[in-house]
Amino acid sequence: MKNTSDSTKRIGTLEASLQAILSSAVDAIIIIRHDGTIETVNEAAADLFQYDIGEFLGQNVKFLMPDTHRSKHDGYLHNYNTTGFRKIIGIGREVTGQRKDGSIFPMHLSVGEFEDNGTKYYTGIIHNLSMRKDAEQALLQAQKMDAIGQLTGGVAHDFNNLLTVIVGNLELMEMQMGTFAHSDLLKEALEAADLGARLTERLLAFARRSPLEPHVVELNGLVGGLTDMLQRTLGATIELQTVLSPAPWAVRVDPTQFESAIVNLAVNARDAMPRGGKLIVETRNVALDEDYLAEELGLTKDDYIQISVTDTGSGMPEKVIRRVFEPFYTTKDVGEGTGLGLSMVYGFGKQSDGHVTIYSELDKGTTVNLYLPRHRDSSAVSEEQEAELQPQSATGGTILVVEDDERVRRLTRARLEALGYRVLEAIHGPAAIEVLAEQTDIDLVFTDLVMPGGMSGYEVAQHVQDTRPDIKVLLTSGYAEELMNGDKLTERSLKLLRKPYRQAALAEAIKGALEG
C-alpha cells in the first residue's frame, strides 16, 4: 500500500512539474497523439496562434499550418509511424505557422516523441522567428542601400568627369564659332549635358558623397521662402499649407540641398494627386530621449527638427515603400521620372546626420518625415525642457489597444503597463468589437487608424461612441491626420496621437482622453 501511495505521489509531483513547465515556458509547446490530435497546449501557444486553449484540444494539429503544408501533414506523420523516416522529428527545422486571423509567420519547430501506456505522443516546441526575420530583412535592406550608394557614387564621379570634358569642349566650340547655321544644336547639347550634371548631383546626394556647404539656418524661413515657388510647381488644383513650429530649433544644413529636398518631395506629392488635393509642409521640434524611439527612427538620442511633407494622394503599397528610396526606382511611366527624387532626399538626410522615414496609406496619402539634428553650442537641456519630458504617473484604468502591427502592439502594451494601466489587445477592428462585447470595464480604446479586417479606426471609434458612450477613444497614426482632417476629428470629438510618440506624449494624451 505504501509503495502504491508513493507512486501516486510521484505521479502527482511529475504532473505538477510538467504543468509548471508548460505554464512558465516562453516558447509555445504542443503535445499531440500519434494521429495528430492535440492533447495539450500551453499559454504561450495560445498567445502565439491567437486561439483560446480550449479551441486547440481535440483538433488535428494541421489546422495551425498554412494550406501548402496542411494537405501533406497526415502523409508525413503516417510515413514516420510506419517507416521511421524522419523529416522534422528529432531534427527541427524552420517552417511557417498560421494564426487564427489567417496571418502567416515564420517559426522554428523542434519535435520529440515519447510513449505512455503504449500510446505514442509527439511534443512540439515552437519558437516565433518573426522578430529575427524582420531584423535580418532590415539588415539586408541596409546593406543593399549601402552597396547601391557605393556603386552609384562611383559611377556618378566618373560620369561627372566625362561631363566636364563634354561641357568644356562644347563651350569652347561656342566661343570660337559664335553664331552659325546650326548653333541651336550646340545649345541643345549643352542643355542636355547640364541635365546630366543635375542627375549626377542627385546620385551623389543619395550616395552621401556630394560636397555640402552647411550653415546654421532657421528652417521656418527657408520653408516660407519656398511657398511661392512650390505653389507654382504644384498648380492650381493643389492647396498648399504650411504648419510651422512657433519656436523651431536651429539646424546646420546646406540650405540649397534642403530646399531641393523639399521641392523633390512636393513634386512627388503632386504626381500622386493628378486630380488635385492638399499638401502640408510642417516643422516641429522632436526630442528623442527614449531608446526605443531613436532605434525605431534609426537615429541617436538627441534633439531633432522634423520636417513633414504630407499629401492626400494615392498612397503606396508596402512593396513600393520598401524600395522607394532606391535610385532609379519609380512607379511612373517611362519618360515621366528619373527615380532619383526621393533617393536624393534620403541621401541628403543621411549626409546631414539625420534620417528620412515614410508613412503611406493607399487611397489616402503619404507623409515623408525628414529629421535633421538640432544645432546648439551646449548640449545641456534646460530644466524647463527636462520637466516637460517626464511622463506623469497614471491613476489606473483599463485600455483596449487596437493595432495590427505585432511589434507596435507589444510595445504599446509595455508602455501603458509601465504607466500603471491594465491593457487588453485586439489585432483589428472586428477583434476589438468582440473584446468590447465581452469586457465591461474598459475605460479607453486606443486604436490605429488604418488596419486590416475591414474596419478603420474611425469606424471603431464610431462603434464605441454609438454603443458604449461611456468609453473614451484615442486615435493614433503615422499620417498627419490631425492636419489633413482636423474637422473630421473635431466633429466626432476625437483626439489623435501621431506616431512616433514619446512616453511623455503618450501619458499626456491618454490622460487627456480619459479626462474628456
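## The end of helix α13

Just after helix α13, G420 takes a positive phi of about 100°. The model described here is predicted.

## Helix α13

Helix α13 covers residues 406–418. The buried residues of α13 are V408, R409, T412, R415 and L416. Viewed down the axis of α13, these buried residues fall within an arc of 130°, so they line one face of the helix.

At the N-terminal end, α13 is capped by D405. A side-chain oxygen of D405 lies 3.1 Å from the backbone nitrogen of V408, and V408 is itself one of the buried residues of the helix.

## Aromatic pairs

A pair of aromatic rings is described by the distance of the centres and the angle of the planes. Six aromatic pairs are found in a search of the whole structure. In one of them, the ring centres of F49 and F105 are 5.5 Å apart and the planes meet at 65°. An angle over 60 degrees counts as edge-to-face, so this is how the pair of F49 and F105 is classed. The pair links distant parts of the chain, with F49 in helix α2 (residues 43–49) and F105 in strand β4 (residues 104–116), 56 residues apart. F49 has a relative accessible area of 1% and F105 has 2%. Buried means under 20%, so both F49 and F105 count as buried.

The rings of Y51 and F63 also form a pair, with centres 5.1 Å apart and planes at 65°, so this pair is edge-to-face. Y51 sits in the loop between α2 and α3, while F63 sits in the loop between α3 and α4, 12 residues apart. Y51 is buried at 14% relative accessible area, and F63 is buried at 14%. Ring pairs join F49, Y51, F56, F63 and F105 into a cluster.

## The largest nonpolar core

In soluble globular proteins, nonpolar side chains tend to be buried together. The largest nonpolar core of this model has 40 residues. Those that touch the most other members are L219, V253, F258, L279, I307, F348 and L372.

Leaving aside neighbours within four places in sequence, I307 is in contact with L219, F258, I262, V281, E282, T283, V368, N369, L370 and L372.

Technical notes: Residues are numbered from 1 along each chain as its sequence is written. This is a predicted model: local features need pLDDT of at least 70, side-chain atom pairs count only at pLDDT 80 or more; totals for chains, interfaces and linings use all residues. Side-chain values use heavy atoms; hydrogens and water are left out. Helices (H or I, at least four residues) and strands (E, at least two) are DSSP runs, numbered from the N terminus. The expected span of a helix is 1.5 Å times one less than its number of residues. Buried means under 20% relative accessible area, exposed over 50%, partly exposed in between (1.4 Å probe, protein chains only). The arc is that of the directions from the helix axis to the C-beta atoms. A polar contact is a pair of N or O atoms within 3.5 Å; within protein, one must be able to donate a hydrogen and the other to accept it, and residues adjacent in sequence count only if both atoms are side-chain atoms. Rings of Phe, Tyr and Trp (its six-membered ring) pair if their centres lie within 6.5 Å; planes under 30 degrees apart count as stacked, over 60 as edge-to-face and the rest as tilted. A nonpolar core is a set of buried Ala, Val, Leu, Ile, Met, Phe, Trp, Tyr and Cys residues joined through side-chain atoms within 4.5 Å. Contact means heavy atoms within 4.5 Å.
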